[in-house]
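Me: Please take a close look at one part of this protein for me. I would like to know about the nonpolar side chains on its surface.

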Amino acid sequence: MTQYPHDEFDDVPEDGPRQGAHRGLRPTVRVGARELTAIVLAGALTLGVGVFSFLTAPGEGAPAPGVTSPGP
């Protein structure tokens with residue numbers, strides 16, 4: 001590995017507040033009213049499609065009346 005001469009960037013304290021100086025601070029996640037409304041509407045629409053599909057899909061309902069077992 002190539003050895004570079006000591007420069008000003010080598011004198012960084014180990015417990016300093018800066019980490020990754022090329023990256024900015026992470027902003028806190030803020031969801032506005034418009035985004036929250038979109039999320040709630042998407043969830044309600046998904047739930048509605050699921051309920052509709054459940055109620056209208058052909059399924060294995062109750063068995064049709066047919067042969068009954070003989071009595072005693």
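Reply: Here is the nonpolar surface patch, followed by its setting in the protein.

The model is predicted. Five residues form the nonpolar patch: V29, V31, L36, I39 and V40.

I39 sits in helix 1, which covers residues 33–56. Its relative accessible area is 54%. Exposed means over 50%, so I39 counts as exposed.

Now the whole protein. The secondary structure consists of 1 helix and 0 strands. Of the 72 residues, 0% are buried. Buried would require under 20% relative accessible area. The accessible surface of the protein is about 7900 Å². Carbon and sulfur atoms account for 63% of that surface.

The surface also carries a charged patch. D7, E8, D10 and D11 gather there, and the charge is negative. One of them, D7, lies in the segment before helix 1. Its relative accessibility is 36%. Partly exposed covers the range between the buried limit of 20% and the exposed limit of 50%, so D7 counts as partly exposed.

Technical notes: Residues numbered from 1 in each chain as written. Predicted model: local features only at pLDDT ≥ 70, side-chain atom pairs only at ≥ 80, totals over all residues. Heavy atoms only, no water. Patch = residues over 30% accessible without salt bridge, like charges linked within 9 Å, V, L, I, M, F, W, Y side chains within 5 Å. Areas by Shrake-Rupley, 256 points an atom, 1.4 Å probe, with all protein chains shown as cover. Salt bridge = Lys/Arg side-chain N within 4 Å of Asp/Glu carboxyl O. Helix = DSSP H or I, 4+ residues; strand = E, 2+ residues; numbered from the N terminus. Buried < 20%, exposed > 50% of the residue type's maximum accessible area, 1.4 Å probe, protein only. Lys, Arg positive; Asp, Glu negative; His and termini not counted. Charge placed at Lys NZ, Arg CZ, Asp CG, Glu CD.
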